[in-house]
Amino acid sequence: MIRPLQEEDFAAWRELWSAYLRFYRAEVSDSVTQASFGRLQQRTDGLVGLVAQADQGHLVGFAHLVFHPSTWSTAPYCYLEDLFVSPSARGTGAATDLIRAAYAEADRRGASRTYWETQAFNGAARSLYDQVAHPTSFVVYER
């Protein structure tokens with residue numbers, strides 16, 4: 001089941017968040033983690049948090065969406081910034097369900113585009129993404 005992130009989800013979400021950060025070999029301070037959870041759960045600053053809940057009630061994944069304006073459209077864009085499913089729940093359809101829920105939220109908000117990025121070596125994720133979206137020719141640069 002996919003549902004909005006709720007305040008009481010913090011401990012379970014934080015475990016998933018920590019696993020996600022480990023996967024990408026990244027670190028985020030506790031203050032950023034706390035602030036991000038609050039904005040995702042309260043749906044402020046254009047952020048929306050969705051979670052995948054297993055039949056037993058525990059969280060097995062999340063999707064973090066960022067809605068923002070664009071100079072290329074009068075409608076907002078939806079950036080799927082983070083998507084993670086615990087290794088034990090992979091292959092269950094949770095990731096596909098989270099992407100579909102992101103699409104539904106984007107449609108509900110009138111977004112003209114939903115997009116995301118992933119690392120080139122993330123073959124398992126890319127095989128799913130190839131089924132639910134199409135790759136673009138853009139290369140990401142950052143400072």
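Is threonine 33 buried or exposed, and what is its relative accessible area? Threonine 33 is buried, with a relative accessible area of 3%. Buried means under 20% relative accessible area, exposed means over 50%, and partly exposed lies in between, using a 1.4 Å probe and protein chains only.

This is a predicted model, in which local features need pLDDT of at least 70, side-chain atom pairs count only at pLDDT 80 or more, and totals for chains, interfaces and linings use all residues. Residues are numbered from 1 along each chain as its sequence is written, and side-chain values use heavy atoms, with hydrogens and water left out.

**View 1. The whole protein chain.**
The protein chain holds four helices and five strands. Along the sequence they run β-α-α-β-β-β-α-β-α. Helices (H or I, at least four residues) and strands (E, at least two) are DSSP runs, numbered from the N terminus. The C-alpha atoms fill a box of roughly 40 × 35 × 30 Å along the principal axes. The radius of gyration is 15 Å, which agrees with the value near 15 Å for a compact globule of 143 residues. That radius is taken over C-alpha atoms, and the globule rule is 2.2 Å times the number of residues to the power 0.38.

Of the 143 residues, 40% count as buried. The protein chain exposes about 9,000 Å², and carbon and sulfur atoms supply 51% of it. These areas come from the Shrake-Rupley method with a 1.4 Å probe; for residues, only the protein chains shown count as cover. The chain carries 13 positive and 16 negative charges, and their mean positions are 4 Å apart. Lys and Arg count as positive, Asp and Glu as negative; His and the chain ends are not counted. Each charge is placed at NZ of Lys, CZ of Arg, CG of Asp or CD of Glu. Among contacts between residues at least 6 apart in sequence, 58% join residues at least 24 apart. Contact means heavy atoms within 4.5 Å.

**View 2. The largest nonpolar core.**
This core has 24 residues. Leu50, Leu65, Phe67, Leu98, Ile99 and Tyr129 have the most contacts inside it. Strand 2 (47-53), strand 3 (59-70), strand 4 (73-85), helix 3 (94-108) and helix 4 (123-132) each give two or more residues to this core. Helix 3 gives the most, with six residues. Apart from this core lies another, of 16 residues, among them Ala19, Tyr20, Phe37 and Phe84. A nonpolar core is a set of buried Ala, Val, Leu, Ile, Met, Phe, Trp, Tyr and Cys residues joined through side-chain atoms within 4.5 Å. In soluble globular proteins, nonpolar side chains tend to be buried together.

**View 3. Around phenylalanine 67.**
What is phenylalanine 67 in contact with, leaving aside its neighbours within four places in sequence? The list is Gly46, Val48, Tyr77, Cys78, Glu105, Ala106, Arg109 and Ala111.

**View 4. Threonine 33 and alanine 35 in helix 2.**
Threonine 33 is found in helix 2, residues 30-42. Leaving aside neighbours within four places in sequence, threonine 33 is in contact with Trp13, Arg14, Trp17 and Val28. Alanine 35 also lies in helix 2. Alanine 35 counts as partly exposed, at 40% relative accessibility. Its C-alpha atom is separated by 22 Å from that of tryptophan 116, 81 residues apart along the chain.

**View 5. Threonine 114 in strand 5.**
Strand 5 (residues 113-115) contains threonine 114. Threonine 114 counts as partly exposed, at 23% relative accessibility. Not counting residues up to four places away in sequence, threonine 114 touches Cys78, Tyr103 and Ala106.

**View 6. Threonine 71 in a loop.**
Threonine 71 sits in the loop between strand 3 and strand 4. Threonine 71 is exposed, with a relative accessible area of 78%. Its C-alpha atom is separated by 23 Å from that of alanine 104, 33 residues apart along the chain.

Arginine 43 lies in the loop between helix 2 and strand 2. Its phi is near 60 degrees, a positive value in a residue other than glycine. Arginine 43 counts as partly exposed, at 29% relative accessibility. Aspartate 45 is found in the loop between helix 2 and strand 2. Aspartate 45 has a positive phi of about 60 degrees although it is not a glycine. At 58% relative accessibility, aspartate 45 counts as exposed. Most residues other than glycine have a negative phi.
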